[in-house]
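Please look at the model shown here before reading on.

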Amino acid sequence: FRNNSNRFTYDQIELEATYMDSTGAVLEKDKLVVKQKLPPGDEKIIGSVDYKSRGSATHGTLKLMGAEAER
């Protein structure tokens with residue numbers, strides 16, 4: 001993650017994960033929340049603790065759905 005803002009620290013980062021097979025067919029979608037403070041200009045690599053098997057999924061995407069600005 002990278003916070004490109006120069007004013008806000010973000011927390012409660014909401015993501016949508018899409019898992020696809022080798023033909024590009026969508027197998028599953030999940031929504032998840034990453035509870036990570038990300039100050040202005042900061043960048044962090046955050047590993048997933050999601051251990052659920054995705055069957056025949058070969059690749060996927062993450063889409064940022066939203067994030068709370070810390071006050």
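The paragraphs below go from the whole chain to single residues.

This is a predicted model, in which local features need pLDDT of at least 70 and side-chain atom pairs count only at pLDDT 80 or more, while totals for chains, interfaces and linings use all residues. Residues are numbered from 1 along each chain as its sequence is written, and side-chain values use heavy atoms, with hydrogens and water left out.

Begin with the secondary structure. The chain has zero helices and three strands, and along the sequence the pattern reads β-β-β. Here helices (H or I, at least four residues) and strands (E, at least two) are DSSP runs, numbered from the N terminus. Strand E1 covers residues 10-20, and strand E3 covers residues 59-69.

Next comes the overall form. The C-alpha atoms fill a box of roughly 40 × 20 × 15 Å along the principal axes. The radius of gyration of the chain is 14 Å, whereas a compact globule of 71 residues would have a value near 11 Å. The radius is taken over C-alpha atoms, and the globule rule is 2.2 Å times the number of residues to the power 0.38.

How much of the chain is buried? Buried residues make up 23% of the 71 residues. Buried means under 20% relative accessible area, exposed means over 50%, and partly exposed lies in between (1.4 Å probe, protein chains only). The chain exposes about 5,400 Å², and carbon and sulfur atoms supply 51% of that area. Accessible areas come from the Shrake-Rupley method with a 1.4 Å probe, and for residues only the protein chains shown count as cover.

Contacts tell which parts of the sequence meet. A contact means heavy atoms within 4.5 Å. Of the contacts in the chain with a separation of 6 or more, 69% are between residues 24 or more positions apart.

Is Glu16 buried or exposed? Glu16 lies in strand E1 and counts as buried, because its relative accessibility is 13%. Leaving aside neighbours within four places in sequence, Glu16 is in contact with Lys29, Asp30, Lys31, Thr61, Leu62, Lys63 and Met65. Thr18 is also found in strand E1, and Thr18 is buried because its relative accessible area is 9%. With neighbours within four places again left aside, the contacts of Thr18 are Val26, Glu28, Lys29, His59, Gly60 and Thr61.

Gln12 is another residue in strand E1. Its phi is near 55°, a positive value in a residue other than glycine. Most residues other than glycine have a negative phi. Gln12 has a relative accessible area of 23%, so Gln12 is partly exposed.

Consider the aromatic rings next. A search of the whole structure finds one aromatic pair. Phe8 and Tyr10 form this pair, which is tilted, with 6.4 Å centre to centre and 45° between the planes. Rings of Phe, Tyr and Trp (its six-membered ring) pair if their centres lie within 6.5 Å; planes under 30 degrees apart count as stacked, over 60 as edge-to-face and the rest as tilted. Phe8 is partly exposed at 32% relative accessibility, and Tyr10 is partly exposed with a relative accessible area of 24%.

Both Phe8 and Tyr10 are touched by Ala69, as is Thr9, not counting residues up to four places away in sequence. Ala69 lies in strand E3 and is partly exposed, with a relative accessible area of 24%. Ala69 and Asp11 are 58 residues apart in sequence, and their C-alpha atoms are 6.4 Å apart in space.

Glu70 lies in the segment after E3 and is partly exposed at 36% relative accessibility. Not counting residues up to four places away in sequence, Glu70 touches Thr9 and Lys37.

Finally, go to Phe1, in the segment before E1. Phe1 is partly exposed, with a relative accessible area of 35%. Beyond residues up to four places away in sequence, Phe1 touches residues including Ile13, Leu15, Val34 and Leu38. Phe1 and Ile13 are twelve residues apart in sequence and 9.6 Å apart in space, C-alpha to C-alpha.
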